[in-house]
Amino acid sequence: MSLRKSKVMRLVIMAAVIALVAAACGDDEEEAAPTTAAPTTAAPTTAAPEPEPEEMEEEMMGTEVINLAVLSDCEGAFGGFHDQDLAGVVAAFAEFAGATVTNPNKPTDGFTGASVAGVPVELVGIGCADDTADKAIEETRRLMEQIGADIMIGPLSGDESIAVANYAKDHPTQTFVNGTAGAMDTTMHVQAPNFFRFNGDGAQWNAGTGDYAKNVLGWDTAAVVMDDYSFGWTSAAGFIAEFCAAGGDVTSRVFPPLNTTDYSSFAAQLPDPDEVDGYFWVVGGTGTIPSLKAFEDAKGSLNPEQHMGNLFWEFAVGAFDPGMAGAYVGGFGTAADLALDSVSEHTAIMDRHFDDFPDPGGNMTPAALQAHSGFLVNYFVAAKALIQALEEVGGDISDDHQALQAALADTTVEGPYGPISLDSNRQAIVDSYVRQIVANDDGSLGLATVAVIPGVDQSFGGAFSPDIDPPGREVPTCEVRDLPWIGNSVPVVDGVPQS
Amino acid sequence: MGLGIGLLLLALIAAWVLVLATGTPAGPLIHEPRDFLSTLLNALTIAGLYFIVAAGFTLVFGLMRVVNLAHGSFFLLGGYAALEFQRFMVGKSGNISSSEVSALRWLVPLALAAAVAGIIGLITQQVFLRWFQGQDMRETLITIAISVILADQMLTHFGGLAKDIRWPGVLDHFLIVFDFRYSVPRLFMLFTAIVVGVLLWLWLHKTRTGMVIRAGVDDTAMVQALGINVQVVFALAFLVGSALAGIGGVMGGSFASLAPGVDGQWLLNSIIVVIVGGMGSLVGAMAGSLLLGLVTAFAPAYLPADFTHYSVIFTFVLLAAVLAWRPYGLFGRPE
Amino acid sequence: MTSRSSPLSRFTPQLGVLLAVLAVLILAPLFSTTFFVSFVLTQTLWLGIAAASLIFLAAYGGMISLAQTLMYGFAGFAIGNAVTQGGSKGLNLGLNPWVGVAIGIVFTTVLAFILGLVASRSTGLYYLMITLTFGVIGFYFFGQVTTFSGFGGINQIVAPDFIGEPGEHPVSLYYAALGVSVFSFLLLRYVTRTPFGLALQGIRDDPVRMSALGYNLVMHRALAFVLGGFVASLAGVLNVWWNRQIDPASIGIGEILALLIIAVIGGMNRLEGAWLGAFIYVVVNNYVRSVPLVDKIGITEDRFNTLVGVIFLVIVLASPNGLMGLGGSVGRLLKRIFRPASGRADSEDRIGEPQQPTNTG
């Protein structure tokens with residue numbers, strides 16, 4: 001506890017300095033008022049060194065406590081998912097490590113009283129990034145170096161994860177389990193031995209879409225619109241590699257820059273609906289809806305059966321025009337409508353540990369309704385895998401995490417939709433899902449799973465490897481190749497896989 | 001000299017668009033006249049939206065020398081207000097089709113957005129800015145602080161996901177002339193911009209208030225000495241300028257979408273427009289919008305296909321070219 | 001007043017205070033944690049250098065430049081492209097880190113000259129907006145042009161051997177940052193006393209007369225901007241050594257405003273204010289969110305930006321010259337009270353400072 005106390009002291013000093021400064025500023029205008037402001041004049045200058053003596057923290061506490069940190073986003077495009085991310089981690093520790101949820105309406109308040117194999121696990125910090133690498137590293141350093149966490153779950157998004165994996169590489173005696181980031185480079189190219197990812201990458205999440213488009217929908221040609229940055233390319237690469245492997249041809253690739261104000265000039269670059277069999281969309285954030293509107297403006301009304309989007313459409317589906325029902329969506333590693341016991345069990349877990357908590361729209365929504373958000377699920381699975389591996393080593397990380405990291409690499413975790421194991425790059429081998437936008441009875445839109453693709457690995461039959469350039473504007477090229485899962489996808493009807 | 005270089009540059013661009021632009025997404029005008037026409041209309045219509053937003057920005061600056069860096073926040077706030085109210089009127093929390101949106105279900109939210117943005121602007125001016133009149137830089141810093149706070153609060157209340165306002169069903173069609181088709185909502189943006197421009201011009205040039213405002217721009221002290229309450233005029237200008245941001249937010253939210261970060265984008269658009277056109281000038285805002293609209297639409301269409309992602313550089317080229325020629329913008333005056 | 005309880009050094013001229021602070025900073029690694037030195041203080045120092053370049057331009061040239069973020073970022077990207085090897089983005093030239101430093105500084109200085117020429121015919125708010133636009137366009141440039149970076153940025157940027165991996169030997173980077181800070185401070189301070197610096201201040205105060213005297217206003221302003229760019233590029237070097245990565249978000253609108261906020265908190269008319277502002281900013285960024293009290297008034301760590309905004313707003317409303325302005329005016333006042341005869345110290349104190357707050361357009 002003494003650790004905390006000295007920190008509190010330091011913070012009080014800081015706060016006092018700032019308060020004094022703020023108070024003192026009020027006197028600045030009256031040049032001739034030396035009264036109360038006087039003692040503070042030198043304070044700002046000399047305050048600089050003041051906190052330092054108290055910096056001596058007793059960090060050497062051994063491993064009788066495992067310090068856990070979680071890195072998520074609370075600002076930026078994914079800031080709204082902060083509570084869902086934490087809900088996943090907290091629920092996993094409540095369910096599998098005996099933790100008490102601090103506040104069932106506020107996942108970000110964390111948990112207490114967790115222990116694995118008799119060793120207490122304390123949630124010492126929650127990092128708050130904004131989906132940029134810069135901030136993610138700043139927060140990681142704060143969590144690992146200042147607060148002294150041993151293990152971190154996170155980050156949330158692609159570029160963040162590349163930076164964090166690089167950081168991990170430089171800090172081999174700490175352990176990192178990815179939150180829900182999906183950049184391919186993170187595991188395939190950085191290959192940090194202490195960074196583990198139990199979710200698919202952006203390309204894996206789209207596995208099945210190319211096969212489905214070619215062999216079920218009968219597209220021979222497709223145009224791909226992708227955000228012009230690494231996650232956009234990676235996500236599109238999953239479709240392109242598979243569609244081409246199955247014999248399709250990508251005739252047009254269009255790259256609107258991020259934060260494009262007006263998509264009309266980019267929509268105009270696309271072939272007309274009678275010149276191509278289908279379109280694949282990888283436009284996220286503020287661009288998802290405007291890009292579709294620009295398409296309609298340029299090409300006439302939009303036939304949903306001719307369009308497929310990546311997971312960005314899952315985020316936007318609540319705002320789509322009802323006319324989008326029938327279009328297809330690539331996966332996010334989730335399939336809430338599958339009729340599996342593990343799916344309802346996961347819903348029950350979330351319901352057990354949480355009541356209503358803030359959803360991405362800022363409203364209080366029941367935990368059960370948020371249970372199958374991809375963000376929540378991926379953080380949940382990461383935490384569950386970590387707990388399993390910690391159990392495996394008896395909660396002992398005193399060997400510089402060597403045993404824990406070995407155990408994590410061998411962990412197979414039962415996710416809500418199926419088992420997840422890791423390949424030699426510590427990257428998940430997962431099931432993937434193709435989904436379709438459907439209209440619910442009340443007129444709102446939802447997603448229904450139409451195919452399951454079991455056992456998708458990161459390499460796509462060799463389309464991606466550490467020796468090949470990562471996905472980019474020209475990568476991957478369109479080539480026929482043997483993809484193990486082409487033709488092996490399992491159709492799903494009303495939530496029941498038809499194997 | 002400068003003019004000569006400018007004309008040469010324009011001639012080169014014209015030649016490029018006319019015949020040379022093979023291998024670009026649009027193709028040269030002589031082969032692909034339809035692509036040219038739709039690109040030109042795209043430029044004009046987006047310029048309309050630029051103008052609506054930038055007009056408010058430049059109005060506030062022209063009168064009060066305040067660079068309102070919270071203008072983008074007012075844009076986004078107005079948009080969100082309209083979005084929430086439209087959803088309330090339709091009775092759905094999303095997945096709205098434009099066939100469900102009557103003209104009223106778009107216009108009432110529009111009015112509300114203008115009111116909300118206008119009032120927030122007025123509060124900003126009355127509570128924070130009016131005490132520091134004449135201290136331009138301090139006022140500007142205050143608006144930065146307000147934009148930081150508003151952005152964070154909007155993220156809390158409206159979430160991080162992009163949402164959009166629906167155009168009313170009556171607009172959501174195509175205009176078809178012979179076999180050329182163009183989107184009516186986009187033409188409506190241009191139309192609204194013209195209406196806004198004309199109304200602003202009439203207000204500033206044909207009404208007593210407008211004359212006071214213009215006089216206030218030139219010589220605040222003299223206007224005050226004449227017994228006119230300049231404070232009321234300032235408040236009014238800020239109200240109108242911010243309301244225009246709100247109206248822009250509804251147009252922008254209908255044409256594109258609303259999300260965190262959109263505030264910064266539209267602030268930047270407004271800043272570029274007024275830098276190019278000249279701060280405080282309505283005509284300048286018009287010219288600046290037009291030029292920025294042309295760059296926005298033509299750069300991605302007429303750059304060689306492998307280079308369309310370099311189009312952002314052309315915004316910079318536009319800026320540099322104009323500033324090299326006229327350091328205070330096309331229609332601006334030195335402070 | 002409280003003179004009896006305060007050490008005498010508080011009331012010696014600013015030099016004494018500065019030397020005392022410097023001494024404390026030199027000794028800091030002896031009595032504070034690694035994190036405090038490697039994270040808080042090192043970040044404070046390099047941010048302070050960047051902010052000092054902004055304050056220099058604002059205080060002595062009357063030019064509030066929001067392009068300083070671009071300047072340090074540009075240096076960082078140049079170094080990243082020059083020294084990394086086998087990364088997935090950028091040119092991956094794999095050059096010696098010192099060559100990278102040279103490239104970063106030279107390229108940034110050249111860029112500063114070009115941008116300076118474009119911007120320098122404008123003044124005041126116009127200048128602020130133009131440089132803001134430069135900064136944001138820089139963000140988009142590095143985001144979209146994947147030849148040099150792309151939004152993912154450049155990782156694993158190597159520093160020279162003596163810096164090494166900052167996690168392992170944080171102190172050497174800290175002392176490097178401290179040395180560069182002192183150098184930048186002295187350089188900028190020295191320049192303000194040269195004929196060039198005096199002319200710059202003349203141009204700030206009365207451009208018409210200076211022009212009539214035959215001074216080339218645009219060139220003076222542009223050269224001042226070059227100097228600002230040079231100093232900011234030093235901050236950029238330290239930044240990439242410290243962070244080992246750089247991405248467009250490192251120079252995005254948030255960072256642009258952050259640097260301005262730092263300068264304003266510290267005080268726009270005193271170079272020292274840059275480091276004070278940076279220190280406050282870094283501390284607020286890292287510690288205030290975990291103060292228990294803050295949580296109770298409804299500002300949790302995820303609403304941290306609201307808090308920053310409010311603090312900034314309060315400071316701007318209360319004191320346009322930031323904390324240094326506050327310290328300066330009260331300090332002078334105290335001197336007048338306690339040592340009415342020491343006119344010499346008073347005048348000394350004013351050299352190199354603008355006579356008036358200059359952040360009013």
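Predicted model: local features only at pLDDT ≥ 70, side-chain atom pairs only at ≥ 80, totals over all residues.
## Interface of chains A and B

Chain A puts 41 residues into its contact with chain B, and chain B puts in 47 residues. The size of an interface is often given as the accessible area lost when the parts come together. Between chain A and chain B the buried area is about 3100 Å², and carbon and sulfur atoms give 49% of that area.

The rule finds 3 salt bridges across the interface of chain A and chain B. A salt bridge joins the side chains of Lys293(A) and Asp164(B), with an N to O distance of 2.9 Å. Residue pairs in polar contact between chain A and chain B, both at pLDDT 80 or more, number 18. On the side of chain A that touches chain B, the elements giving two or more residues are helix 10 (264–267) and helix 11 (288–299) of chain A. Helix 11 of chain A gives the most to this side, with 7 residues. Sorted by class, the side of chain A that touches chain B holds 14 nonpolar, 17 polar and 10 charged residues.

## Helices 2 and 10 of chain C

Two packed helices are described by the angle between their axes and the distance between the axes. In chain C, helix 2 (residues 34–61) and helix 10 (residues 253–266) have axes that come within 9 Å and cross at roughly 75°. Helix 2 of chain C is therefore roughly perpendicular to helix 10 of chain C, because angles of 65 to 115 degrees count as roughly perpendicular.

On helix 2 of chain C, the contact is made by Leu47(C), Ala50(C), Ala51(C), Leu54(C) and Ile55(C), and on helix 10 of chain C by Leu259(C), Leu260(C), Ile262(C) and Ala263(C). The class count for this contact is 9 nonpolar residues, with no polar and no charged residues.

## Helices 6 and 7 of chain C

Helix 6 (residues 170–193) and helix 7 (residues 195–205) of chain C pack with their axes 4 Å apart, at an angle of about 75°. Helix 6 of chain C is therefore roughly perpendicular to helix 7 of chain C.

From helix 6 of chain C, Val191(C), Thr192(C) and Arg193(C) take part in the contact; they meet Pro195(C), Phe196(C), Gly197(C), Leu198(C) and Gln201(C) of helix 7 of chain C. By class, this contact of helix 6 with helix 7 of chain C has 4 nonpolar, 3 polar and 1 charged residues.

## Backbone features of chain A

Most residues other than glycine have a negative phi, and most peptide bonds are trans. Gly154(A) and Pro155(A) are joined by a cis peptide bond with omega of about 5°. The loop that holds Pro155(A) runs between strand 6 (151–153) and helix 5 (158–170) of chain A. A cis peptide bond also joins Val475(A) and Pro476(A), with omega of about 0°. Pro476(A) is placed in the loop between strand 19 (445–456) and strand 20 (490–493) of chain A.

Asp131(A), a residue other than glycine, has a positive phi, near 65°. Asp131(A) sits in the loop between strand 5 (119–129) and helix 4 (133–146) of chain A.

Conventions
Residues numbered from 1 in each chain as written. Chains lettered and ligands numbered in written order. Heavy atoms only, no water. Axes fitted to C-alpha atoms, helices over the stretch in contact; angles between N-to-C directions. Parallel < 35°, antiparallel > 145°, perpendicular 65-115°, else oblique. Contact = heavy atoms within 4.5 Å. Nonpolar A, V, L, I, M, F, W, Y, C, P; charged D, E, K, R; others polar. Buried area = accessible area lost by both parts, 1.4 Å probe. Salt bridge = Lys/Arg side-chain N within 4 Å of Asp/Glu carboxyl O. Polar contact = N/O pair within 3.5 Å; in protein donor to acceptor, adjacent residues only side chain to side chain.
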